[in-house]
Amino acid sequence: MIALVGILVARTMFGNGQNLKLLMEFLCILLLINDVLAWIFRGRPGEMAGWITQISNFMVFCVNYVIMSVAAVFIWRSIGVSGRKPRRIYAVFGLSILGILLLIVSQFNQMFYYFDVHNIYHRGKYFLITQIIAIVGMSLIMTVLIQYRKFLENSVFWAMLSYFILPAAATITLMLYYGLSLQNMAIVISTQIMFIVDIIQMANRLNRSQSDYQKARMEAEHDAMTGLWNKTFGMAYITDYMDKMQEGDSAALFFADIDSFKNVNDTYGHMVGDYWIKEVANILESVFRREDIVCRFGGDEYLILLKGMCREEVLREKILQFEKILERKSLEQGQRIRCSFGICRIMGKGCQIDRCIDLADRALYEAKQEKTSSVVIYQMTDSGE
C-alpha cells in the first residue's frame, strides 16, 4: 500500500506512465489480502468461513497468473524496444489464461486442491500443473529479459531478474513442501525490488534531464569564450531591469572595449587577443557585483549595468579598481593593455535602452580621444540627455 501511494505521488513527478506499476501493486495487495484471509479462516467451522476460504484460495491462484502476464508487459515496456512484442510474451498470456481456466475447472473436480469438512486446504492430484504453468511462464519472460539485457542498466536488469529467482526458488520449495506462503511473499518482495530500482532510475533520468536542460540553457544564454551573458540575453536582462525602474531609482550603463585591439591581434597574435578578451571579462566580473549585469556585446566590447547606484565617485572608483587589476595583469604578461569606458547614468523611469547605449557609446568614443582619462560619463533622465 505504501508503494501504491508512492507511485501515485510519482505520477505527478514523472508523468502518467505509471498505470502498469499501479496495477501490479494493486494485484500484490489483492494477493496478500486473500492469502491472509485464507490463513485466518482455514479450519474454522461454518458456511461463511468455508466460502471465504474457497474464494480467497481461488483468488490467490488467479492473481498469481494475472501478475505473471502483467509482469511480462512491464518488463517488455522497461526494455523499451519498439516494434511487435516477442511471441514468448504472447505465450505467457496464453499460459495465464490456461491456468485460470484450469483453475475454474478445478473448483468442480478438485484437480488442483480441495477442502475437507473442517475447511482445511489440501493439494489435489494435479497440483503440480499449477506450478509448472507458473515456472514455464516465468522462464519465458526470463529469456526475453536476458535476450534484451543490453537495453537495460545493470541495476534494473538484476532487479528484474530477482522476479524470477525468488519466486522460482519459492515455487520449487512449495512443490516439495506446503507450509508458509513463500511463493506469494517472493512475488511481492521481488515486485517491490523492481519498483524501487525503477523509481531510482527515473529519478536519475530526471536529474540528468534537468542537468542537460541547465547545461543547454547555460550555453544558450552565455558567451562561449568568456562565460559572460551573451549579447541577446544580456540586453534582455538590462531592458527588463530598466523597464521596471521607478522614480527615484538609478543605475549606470557602462560600454567598454579594449584599446587598439586590432594592434594587439596584429602584434601578439589572435591567441593572445582571445586571452585578453577572456581576462578582461574575468576582471569585470570580479569588480562588479553578482547582481549587476555583465555581458559580452561583441568582439572586444562589453556592456555592464550597475544596478541601484550612479554617483560619479562610485562609478570612477569601479573603473579605478578595474584599471589597477588590468595594469597588474598586463605587466605580468609584459604587454600594455588598456580599456576605455563610456558611462550613461540613468535616473528615474522611462529611459530607453537604445538611447542609453547610444549615449554610452558616444561617451566611449570621447574617452578614446581623451589623453588624461579612460572614462567619460553622460547622464540620461526620462526627459533626455
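## Packing of α4 and α5

Helix α4 crosses helix α5 with left-handed geometry. In this predicted model, α4 covers residues 87-109 and α5 covers residues 127-147. Their axes lie 9 Å apart and meet at an angle of about 165 degrees. Because angles over 145 degrees count as roughly antiparallel, α4 is roughly antiparallel to α5.

On the α4 side, the contact is made by Arg88, Ile89, Ala91, Val92, Leu95, Gly99 and Leu102. The α5 side contributes Ile129, Ile133, Val136, Gly137, Leu140, Ile141, Thr143, Val144 and Gln147. Sorted by class, the contact of α4 with α5 has 11 nonpolar, four polar and one charged residues.

## Packing of α8 and α12

Helix α8 spans residues 231-243, and helix α12 spans residues 353-369. The two pack at an angle of about 110 degrees, and their axes are 10 Å apart. An angle from 65 to 115 degrees counts as roughly perpendicular; α8 and α12 are therefore roughly perpendicular to each other.

From α8, the residues Met235, Ile238, Thr239 and Met242 meet Ile353, Cys356 and Ile357 of α12. By class, this contact of α8 with α12 has six nonpolar residues, one polar residue and no charged residues.

## Aromatic pairs

The model has a count of 16 aromatic pairs. One of them joins Phe233 and Tyr237, with ring centres 6.4 Å apart and planes at 40 degrees, so the pair is tilted. Both Phe233 and Tyr237 lie in α8, four residues apart, which is about one turn of the helix. Phe233 has a relative accessibility of 28% and counts as partly exposed. Tyr237 is also partly exposed, with a relative accessible area of 29%.

Tyr275 and Trp276 form an edge-to-face pair. Their ring centres are 5.0 Å apart, and 75 degrees separate the planes. The cut-off for buried is under 20% relative accessible area.

## Aromatic cluster

Five aromatic residues make up one cluster: Phe61, Tyr113, Phe115, Tyr121 and Phe127. Of these members, Phe127 falls within the residue range of α5, 127-147.

Note on methods
Residues are numbered from 1 along each chain as its sequence is written. This is a predicted model: local features need pLDDT of at least 70, side-chain atom pairs count only at pLDDT 80 or more; totals for chains, interfaces and linings use all residues. Side-chain values use heavy atoms; hydrogens and water are left out. Axes are lines fitted to C-alpha atoms, for helices over the stretch in contact, and angles run from 0 to 180 degrees between N-to-C directions. Angles under 35 degrees count as roughly parallel, over 145 as roughly antiparallel, 65 to 115 as roughly perpendicular and the rest as oblique. A crossing is left-handed if the near helix is turned anticlockwise from the far one by less than a right angle, and right-handed if clockwise. Contact means heavy atoms within 4.5 Å. Ala, Val, Leu, Ile, Met, Phe, Trp, Tyr, Cys and Pro count as nonpolar, Asp, Glu, Lys and Arg as charged, and the others, Gly among them, as polar. Rings of Phe, Tyr and Trp (its six-membered ring) pair if their centres lie within 6.5 Å; planes under 30 degrees apart count as stacked, over 60 as edge-to-face and the rest as tilted. Buried means under 20% relative accessible area, exposed over 50%, partly exposed in between (1.4 Å probe, protein chains only).
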